[in-house]
Amino acid sequence: MVKVKKIILIAVPLMIIAAGIWFFFFRQTEESIIRGRFREFSEAAAKRGKEGGIRAVATSQSLGKFFAEHTSVDVDGLSWLNGDYSPELITANAFRARQMFNTLSLDFNDIELEINGDTAKAFFTAVFTGSPKNSEPIREIRELEAGLRKVDGKWIFESFRVQNIIKK
């Protein structure tokens with residue numbers, strides 16, 4: 001009986017300590033989940049070389065899962081680009097854009113988040129790097145604001161606003 005009490009006295013505090021360590025160091029917060037969503041999007045958008053037709057279609061279609069039914073785009077100085085886009089339209093545009101490049105990558109840096117329940121705003125720097133098939137490599141950097149919404153447990157993009165495009 002004494003051994004059981006000693007085991008309980010040792011085991012209970014150890015379980016409490018283990019739970020505390022998990023809670024403070026390993027638990028996923030909404031912020032880490034959103035940052036992970038940006039990483040997933042970056043990986044899905046990347047093109048590392050030549051793609052066959054089926055792979056190109058599949059990759060482009062996978063991008064649609066990151067967007068709301070109506071995703072608004074607002075780019076200062078480019079009114080022709082502004083408007084609402086469906087996931088299908090985004091997928092079609094992504095497919096066309098991917099066909100113009102041998103390689104491309106989209107990286108997100110300096111992500112700052114404001115989370116309010118099931119909505120969030122992200123302020124970040126997007127870096128697009130690509131090797132077009134018919135011209136010199138390009139690298140474009142933009143400051144963006146994105147609106148996100150949590151739908152069925154996943155964070156999706158519902159708006160993008162590009163700020164301060166500097167014209168040469």
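Start at the N terminus of the protein chain and follow its elements: they run α-α-α-β-β-α-β-β-β-β. That gives 4 helices and 6 strands. Helices (H or I, at least four residues) and strands (E, at least two) are DSSP runs, numbered from the N terminus. The model is predicted: local features need pLDDT of at least 70, side-chain atom pairs count only at pLDDT 80 or more, and totals for chains, interfaces and linings use all residues. Residues are numbered from 1 along each chain as its sequence is written, and side-chain values use heavy atoms, with hydrogens and water left out.

**Stop 1: the whole chain**

Select the protein chain. Of its 168 residues, 30% are buried. Buried means under 20% relative accessible area, exposed over 50%, and partly exposed in between (1.4 Å probe, protein chains only). The accessible surface comes to about 11,400 Å². Carbon and sulfur atoms own 59% of that surface. These areas come from the Shrake-Rupley method with a 1.4 Å probe; for residues, only the protein chains shown count as cover.

**Stop 2: helix 2**

Select residues 30-45. This is helix 2, with 16 residues. Its end C-alpha atoms are 23 Å apart, which agrees with the 22 Å it should span at 1.5 Å a residue. The expected span is 1.5 Å times one less than the number of residues. Now colour its buried residues: Ile34, Gly36, Arg37, Phe38, Phe41, Ser42, Ala44 and Ala45.

**Stop 3: the largest pocket**

What do they surround? The largest pocket holds about 1,300 Å³ of space. A pocket is an open set of points on a 1 Å grid over the protein atoms alone, where a 1.4 Å probe fits, with protein on both sides within 12 Å along at least five of seven lines; lining residues have an atom within 4 Å of a point.

Helix 4 gives the largest share of the lining, 6 residues. By class, the lining has 27 nonpolar, 2 polar and 4 charged residues.

**Stop 4**

Select Asp110 in strand 3. Its phi is near 55°, a positive value in a residue other than glycine. Is Asp110 buried or exposed? At 61% relative accessibility, Asp110 counts as exposed.

Finish at Asp152, in the loop between strand 5 and strand 6. Phi of Asp152 is near 50°, also positive. Asp152 is exposed, with a relative accessible area of 79%.

Methods:
Grid points are joined across faces, edges and corners, and a volume is the space filled by probe spheres set on the points. Ala, Val, Leu, Ile, Met, Phe, Trp, Tyr, Cys and Pro count as nonpolar, Asp, Glu, Lys and Arg as charged, and the others, Gly among them, as polar.
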